[in-house]
Amino acid sequence: MASPRISLLLLVLTLYICTGQSRTISTDNIDVRITNKIASSTIDVACSEEGDIIVNPNSSHDWIVWNSSSKYYCEAIWTVTNRFASIVAYSRRFTGLKIVFWEAREDGWYVSRDGKSGWKKEAEWESEIVN
């Protein structure tokens, strides 16, 4: 059986490691926000790690990216038009941000680092041609 000193040392070491791990995990969390700016329709968004999301007109949906070293893909359907788009909602290019802002607009998908300015078009709505 271990001596009380060794047991105490192991307990302190375990607590130190566990509290250090939780701090690391919490500082790496990133919020991804998708906003539907299409006034006339909902959008149906399916994202890796998040599942299926319905985003109503002029509303948003947020979720936390727990593993900032992974890519999070989303497929979206503009329900009224049956057009679709694919985006990488989160990847390492967003490292250092606390929130990644996405907007679905009638002419495509836009991303911003601050949600106020610098919106960059990332994807077009597409439609499948059926013969």
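## Disulfide

One disulfide is present in this structure, which is a predicted model. Its partners are cysteine 47 and cysteine 74, with an S to S distance of 2.0 Å. The link is a covalent bond between the sulfur atoms of two cysteines. The torsion about the S-S bond of cysteine 47 and cysteine 74 is about 110°, so the disulfide is right-handed.

Cysteine 47 belongs to strand β2 (residues 43-47) and cysteine 74 to strand β5 (residues 72-78), so the bond ties together parts 27 residues apart in sequence. Cysteine 47 and cysteine 74 are both buried.

## The open sheet

β2 and β5 both belong to an open sheet of four strands. The order is β3-β2-β5-β6, and the pairing is antiparallel. β3 and β6 (83-90) are the edge strands, and each pairs on one side only. From one strand to the next, the twist averages 25°.

β2 pairs with strand β3 (residues 51-55) over five bridges, in the antiparallel sense. Two of the bridge partners can be named.

Glutamate 103 sits in strand β7 (residues 99-105). Is glutamate 103 buried or exposed? Its relative accessibility is 11%. The cut-off for buried is under 20%, so glutamate 103 counts as buried.

The side chain of glutamate 103 makes a polar contact of 2.9 Å with the side chain of arginine 105. Neighbours within four places in sequence aside, glutamate 103 is in contact with Thr35, Lys37, Gly108, Trp109, Tyr110 and Trp119.

## Tryptophan 125

The backbone oxygen of arginine 105 lies 2.7 Å from a polar atom of the tryptophan 125 side chain. Tryptophan 125 is found in the segment after β9 (120-123). Its relative accessible area is 8%. That value falls under the 20% cut-off, so tryptophan 125 is buried.

Which distance separates tryptophan 125 from tryptophan 78 in space? C-alpha to C-alpha, the two are 8.2 Å apart. In sequence, tryptophan 125 and tryptophan 78 are 47 residues apart.

## Confidence

The mean pLDDT of the protein is 81. Of its residues, 76% reach 70 or more. Where is confidence lowest, and where is it highest? The lowest is in helix α1 (residues 4-27), at a mean of 46. The highest is in strand β8 (residues 108-112), at 97.

Over residues 18-26 the pLDDT is below 50. Beyond near neighbours in sequence, this stretch has zero contacts in the model. Where pLDDT is low, the predicted coordinates should not be read in detail.

Terms used
Residues numbered from 1 in each chain as written. Predicted model: local features only at pLDDT ≥ 70, side-chain atom pairs only at ≥ 80, totals over all residues. Heavy atoms only, no water. Disulfide = S-S within 2.5 Å. Helix = DSSP H or I, 4+ residues; strand = E, 2+ residues; numbered from the N terminus. Buried < 20%, exposed > 50% of the residue type's maximum accessible area, 1.4 Å probe, protein only. Polar contact = N/O pair within 3.5 Å; in protein donor to acceptor, adjacent residues only side chain to side chain. Pairing = 2+ DSSP bridges. Contact = heavy atoms within 4.5 Å. pLDDT = per-residue confidence, 0-100. Axes fitted to C-alpha atoms, helices over the stretch in contact; angles between N-to-C directions.
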